[in-house]
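Dear colleague,

Please find below the structure that I am handing over to you. My notes on it follow.

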Amino acid sequence: MREDADAWTLGWSVRHEHGDHGAVKAEANGLAASSLQSWRRRFAADVVVIACIVLLAWAGRAHAQAISLASFTQAQGLGSLEDNCLAQDRRGFVYVCTENGLFRFDGHVFQRIGAANGLRASFIAAIHQDSAERLWVGTRTGLFVGDGQHFTPASEPSNALLVDPGQTLADLHGRLYAVSQHQLWAIDAAGTGWHASQLFDDAARRATPALDDVTSVFADGHALWFGCGKSLCQSVDGHLQVWGDSQGIPADTWTSYLHTHDGTLWVRSPLYIRALSPGGNTFANHDLPGAHVVTAYLDMIEDDQARVLTRADDGLARWDGRAWRVFNGSNGLPNIGIDALLYDRSHVLWIGTYGHGVLQWRGYDQFQSWQAAQGLDSSPSWAIARAGDGTLWVGDELGGSVLKPGATRLTPWPLKAPPLAQETTGLHALPDGDMLAAYYSGEVLRYHARQGTTEEILHSPAYIHNMWGDSRGWLWLCTERGLYQFDGHTLQHAGGDVVPDNVFHDAKEDAKGRMWFAGEAGLFRFDHGVWTHVRVVGAPSDKAFAHLDVLSDGTLYLAGNFDGLWKGQLTDGDTIDVQHVVDDLLDDTRIYFIEHDRRG
């Protein structure tokens, strides 16, 4: 990716280098502010997806991080916005339990699994896939079992097991356990059906009264754990142990469990979060300060970096091994109740809410984003560049912001623009640490980093869409009325009789030092003093080009005011043949910029 001119709108996001990079980035709203005035409103509705390399430190409540969320509601197939639980089966399908049915995600939308599939229930209280890959669905009208597409009741309607809400289904050693009416039940295979029986008889409940109030159940592969009264119970091969305050389990209603990859057992109640190390005999205190939400749905999940996530009173909390970090409204997370969490095998974080449907945290742990709450001057943003001292400059509608090395918030940039300057459309970092900024209204300013002063070095006679600094130190301006060249002393109209005074959007330099320009009049080349109008064969049009990029091997990528991406090979002649890059997403997408990272 070019370091001196990367831009986006609707705030901006940064993807860490270890993430997957496609060859071409699209739908990122506005590199070089192409057709700034005419496209502005359309940009403001699109999604920000961009790649760069910045890593920030976390601190306290995670104010440095703005969360980018995708929302799934009725428009994406959900029949209810009240979500109780989330699960992923062995095949990779994601399921969401709601108060109006079970839904399965097909990669695009959610599809209802209902009466036609044998699941005759609406309020879905719990879901669990056992070791035999059977999918069990607990509802307020009975327990069902199936393969995700076809379900049957686990018992006759007259003996239906009404499953309690929460983490109330588990399997251990080939047996399913369920919580119903605050009692723990065992479900065993019986011929072609299933037989349910209470795990503890009257005598056992009299001997241990807490067994008469079971609130949850979980199996860690060796033991069965369940909330019992205000204590935590463990059953191993029929031997019962009640864990209490002396073992690190305060009196509360224990509802949620997580067995992490290192073998630690995490347990949660509304007030407390405790963890038992492998072989330990006392739960460690990892309480979330201020937690008091009383609900059966207090999911805990583990991400790729072995961090535990769970609901906070006002958002989402993450344990980093030392302390909790809370993501809430200051990070762009809506003020919602979180009822379910899932970190799936594709490294996607799902958030089930009460009243707002299902959310996806896009680019979780791969992207970091900043919005107004993190100090961003305004949105949309049009240009980005890194100065020699490591400071990241972001240009936007009102001017811009900077992110100092090691900082977690953006601050207003030090550049002093003229009062009538409108919208930063280009940034270019100079080797000496200075920064050049181009404004749509025509000003090009130089910020002198050592002196902390701003100098207006030129004023374009036409609105500026893009600015490019080439290897000779020249500046090229793509404007509303043709191309302009600045050699450090004089600004002059470029292109001679070859380049018309039409709108130009983009400029790039190839490995031979030739400049290439894309605009409404077509594709143009400047080769060491010689201008050529290069005809493009194979694209929908030989005109109306908006964006291009060239690789060191001479590969050309080209996009226009038409859908799709086109690829060809640079030549010394006056014609380039291009071929359509076949891609279902790009074929239905207006591309807003094309950039390549260091790996091509």
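How many residues of the lining of the largest pocket are nonpolar, how many polar and how many charged? The lining divides into 21 nonpolar, 10 polar and 8 charged residues; Ala, Val, Leu, Ile, Met, Phe, Trp, Tyr, Cys and Pro count as nonpolar, Asp, Glu, Lys and Arg as charged, and the others, Gly among them, as polar.

Please note that this is a predicted model, in which local features need pLDDT of at least 70, side-chain atom pairs count only at pLDDT 80 or more, and totals for chains, interfaces and linings use all residues. Residues are numbered from 1 along each chain as its sequence is written, and side-chain values use heavy atoms, without hydrogens and water.

The pocket (on a 1 Å grid over the protein atoms alone, an open set of points with protein on both sides within 12 Å along at least five of seven lines; lining residues have an atom within 4 Å of a point) has a volume of about 1,200 Å³, meaning the space filled by probe spheres set on the points. Among its 39 lining residues, His128, Gln167, Phe218, Leu258 and Leu342 are the closest to the centre. Strand S3 (83-88) gives the largest share of the lining, 5 residues; strands are DSSP runs of E, at least two residues long, numbered from the N terminus.

Strand S27 supplies at least two lining residues and also belongs to an open, antiparallel sheet of 4 strands in the order S2-S29-S28-S27. Strands pair if DSSP finds at least two bridges between them. S2 (69-72) and S27 (338-343) each have a single partner strand, so one side of each lacks a neighbour in the sheet. S2 pairs with S29 (residues 358-361) over 4 bridges, and Ser71 has Leu359 as its bridge partner there.

Yours sincerely

Terms used
On a 1 Å grid over the protein atoms alone, a cavity is a set of points where a 1.4 Å probe fits but cannot get out, and a pocket is an open set with protein on both sides within 12 Å along at least five of seven lines; lining residues have an atom within 4 Å of a point.
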